[in-house]
Amino acid sequence: MTTPIQSVPFKLCRFTTPSASGIRVGLIANGHGVLDLTAAGVPRMAPLLERTDLVGELRRLSDAGLPEHPMDGIRLLTPVESQEVWAAGVTYLRSKQARMEESEFSASAYDRVYDAPRPEIFFKSIAEKVVSPGDAVGIRRDARWSVPEPELALVMNASGIIVGFTIGNDMSSRDIEGENLLYLPQAKTYTASCTVGPWIVVGPTEDDVRQWSIQLEIQRRGETVFAGETRAGQIKRRFAELVDYLFRSQVFPHGAVLLTGAGIVPDDSFTLEGGDSVRITISGIGTLENPVAVV
């Protein structure tokens, strides 16, 4: 179902700037600034992502002499424009182990789904509730054990074709999920529980992406209280398999974003606090950073 696109250093973003009105669509092609695609008649990202010649169109736009904004003169918004955000679970061995440890009640279910033909896939967020880079992600006030989950995110168009990659944070209340597997929607879906950004990287193939490292750093009052690293190559299932199951008996007229699971899990004794800062870096994409607030 998924057709890789030719590797190019293009990054699609959404942003605002004091020098132009409204939300703009931007293209980072050289790493120095953001080309204003809205000035070329591209007010939304969705039509671009539906193009069969996406790479060629981005190359054309990058050479069109468009206005350019310095990176320090814009505010990046989440690249999730109107897509639903979904998530796959238990795709890393570390994730299976952590989910089994948090609950004896649900341990066998997590053990079985890791090797089952059908993956765990659940709804995470509507577009309007996705948090932008730099804005606060939430921890539930009725949870005692809250963690971030740093994840590679696949971006699909309405046809189920992977058109790019970005970073997602699947904020989770582990004590609520651990109490009863049926509480997963409450543990995973609440105000500010999902952030995606900072942009969509267009071009790499799955083989390229599986070489990328994923890093998580959590700071508290200026000090690092947790740091961990994994690789996208540790994701057990192929991307096409995850996308195929997501699009079965489903229609996504605006496309979809799929978080691919977390391979970094803080120790059981760790929980996030309001005021913490969560920094997720994926080597082929960039960094997504958010402060933490109690919601």
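**Entry: the surroundings of Thr91**

I looked up Thr91 and found that it touches Tyr114, Gln234, Ile235, Lys236, Leu242, Thr260 and Gly261, leaving aside residues up to four places away in sequence; contact means heavy atoms within 4.5 Å. I note that this is a predicted model, where local features need pLDDT of at least 70 and side-chain atom pairs count only at pLDDT 80 or more, while totals for chains, interfaces and linings use all residues. Residues are numbered from 1 along each chain as its sequence is written, and side-chain values use heavy atoms, with hydrogens and water left out.

I placed Thr91 in the loop between strand S6 (84–89) and helix H3 (93–102), helices (H or I, at least four residues) and strands (E, at least two) being DSSP runs numbered from the N terminus. Thr91 counts as buried because its relative accessibility is 1%, and buried means under 20% relative accessible area, exposed over 50%, partly exposed in between (1.4 Å probe, protein chains only). A polar atom of the Thr91 side chain lies 2.6 Å from the backbone oxygen of Thr260.

**Entry: Glu229**

I then turned to Glu229, which lies in strand S15 (residues 223–231) and touches Ser213, Ile214, Gln215 and Ile264, not counting residues up to four places away in sequence. Glu229 and Asp207 are 22 residues apart in sequence, and their C-alpha atoms are 19 Å apart in space.

**Entry: Phe165**

Last, I listed contacts of Phe165, which include Leu152, Leu154, Trp199, Trp212, Phe239 and Ile285, again not counting residues up to four places away in sequence.

Technical notes: A polar contact is a pair of N or O atoms within 3.5 Å; within protein, one must be able to donate a hydrogen and the other to accept it, and residues adjacent in sequence count only if both atoms are side-chain atoms.
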